[in-house]
Amino acid sequence: MMYFWFKALHLIGIVVWFAGLFYLVRLFVYHTEASQQSEPAQTILRTQYEIMEKRLYKIITIPGMVMTVTTAIGLISTKPEILKLRWLHIKLVFVALLLAYHFFCGWIMKQLEKKECQWTNQQFRAFNEAPTVLLFIIILLAVFKNNLPFYSTIILIFLVVITITIFIKIYERKRSFIQVKINEYRKE
Ligand code: HEM
């Protein structure tokens, strides 16, 4: 029974953690865009995004991560034989990457606050998609376990990356087109 409780809480923790990570990096995009505004809008927007980022990181993202990891420890302690399984070892490699991403986001947050971050909003948009790829891989590993269809997984991940890249490029073009129209309108 405990095992099911841990699994249910593990899944809830994952949803919370990812919601936090996705929204946090989206805030980084807006934060960077705010730097292109003139004063006083820039300072007002930057201050607001700093508050939102800090709250999101502390109240949603960190608790989601802690819940996922502690319930995972709970799952393993109730069924220690799982530790011998190969799929879990591979999954742990990708979870380690996810944890690195999580803490790197915390570091970026501080860099943005100190105005020392040189990243563009486009770079943050691409960076925001990294956890999507990790999510696909980790979920597929957790569901298929040792029977993960290797080639189908590679093809699926490849398609995900291609689709995301195309969407980012289309969005980039749409935005620059709108920006040109705005500039024309301002000149008139
Ligand atoms: C600290 C790292 C983690 C460890 C040690 C861990 C370990 C585990 C274990 C032992 C199970 C139970 C497997 C079973 O019942 O056969 C499980 C289930 C699951 N985990 Fe994790 N996990 C971790 C992080 C994550 C993350 C980050 C995700 C998602 C991105 C994830 C997704 C899942 C899913 C979807 C299940 C349910 C699979 C099923 O019901 O068959 N886990 N995890």
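Let's start at the metal: the iron atom of the ligand is coordinated by His10 (NE2) and Lys91 (NZ), at 1.8 to 2.1 Å. Donors here are N, O and S atoms within 2.8 Å of the metal (3.2 Å for Na, K and Ca), and water is not among the atoms, so sites may look incomplete. This is a predicted model, in which local features need pLDDT of at least 70, side-chain atom pairs count only at pLDDT 80 or more, and totals for chains, interfaces and linings use all residues. Residues are numbered from 1 along each chain as its sequence is written, and side-chain values use heavy atoms, with hydrogens and water left out.

**The iron site**
- The 6 donor atoms around the iron atom subtend angles of 86 to 177 degrees, which makes the arrangement octahedral (six donors, with opposite ones over 155 degrees apart and all others between 65 and 115).
- Histidine 10 belongs to helix 1 (residues 2-34) and lysine 91 to helix 3 (residues 86-113), so the pair ties together parts that are 81 residues apart in sequence.
- Both histidine 10 and lysine 91 are buried (buried means under 20% relative accessible area, exposed over 50%, partly exposed in between, with a 1.4 Å probe and protein chains only).

**The overall chain**
- The chain has 6 helices and 0 strands (DSSP runs numbered from the N terminus: H or I of at least four residues for helices, E of at least two for strands).
- Of the 188 residues in the chain, 34% are buried.
- Taken along the principal axes, the C-alpha atoms fill a box of roughly 70 × 35 × 25 Å.

**Helix 1 against helix 2**
- Helix 1 packs with helix 2 (residues 41-78) at an angle of about 160 degrees, and their axes are 7 Å apart (axes are lines fitted to C-alpha atoms over the stretch in contact, and angles run from 0 to 180 degrees between N-to-C directions).
- The two helices are therefore roughly antiparallel to each other (an angle over 145 degrees).
- In the loop between helix 1 and helix 2 sits proline 40, joined to glutamate 39 by a cis peptide bond with omega of about 5 degrees.

**Loop residues with positive phi**
- Lysine 115, in the loop between helix 3 and helix 4 (121-127), has a positive phi of about 60 degrees although it is not a glycine.
- Lysine 115 counts as exposed, at 56% relative accessibility.
- Lysine 145 lies in the loop between helix 5 (130-144) and helix 6, and its phi is near 55 degrees.
- Lysine 145 counts as partly exposed, at 35% relative accessibility.

Methods: Tetrahedral: all angles 85-135°; square planar, octahedral: opposite > 155°, others 65-115°. Parallel < 35°, antiparallel > 145°, perpendicular 65-115°, else oblique.
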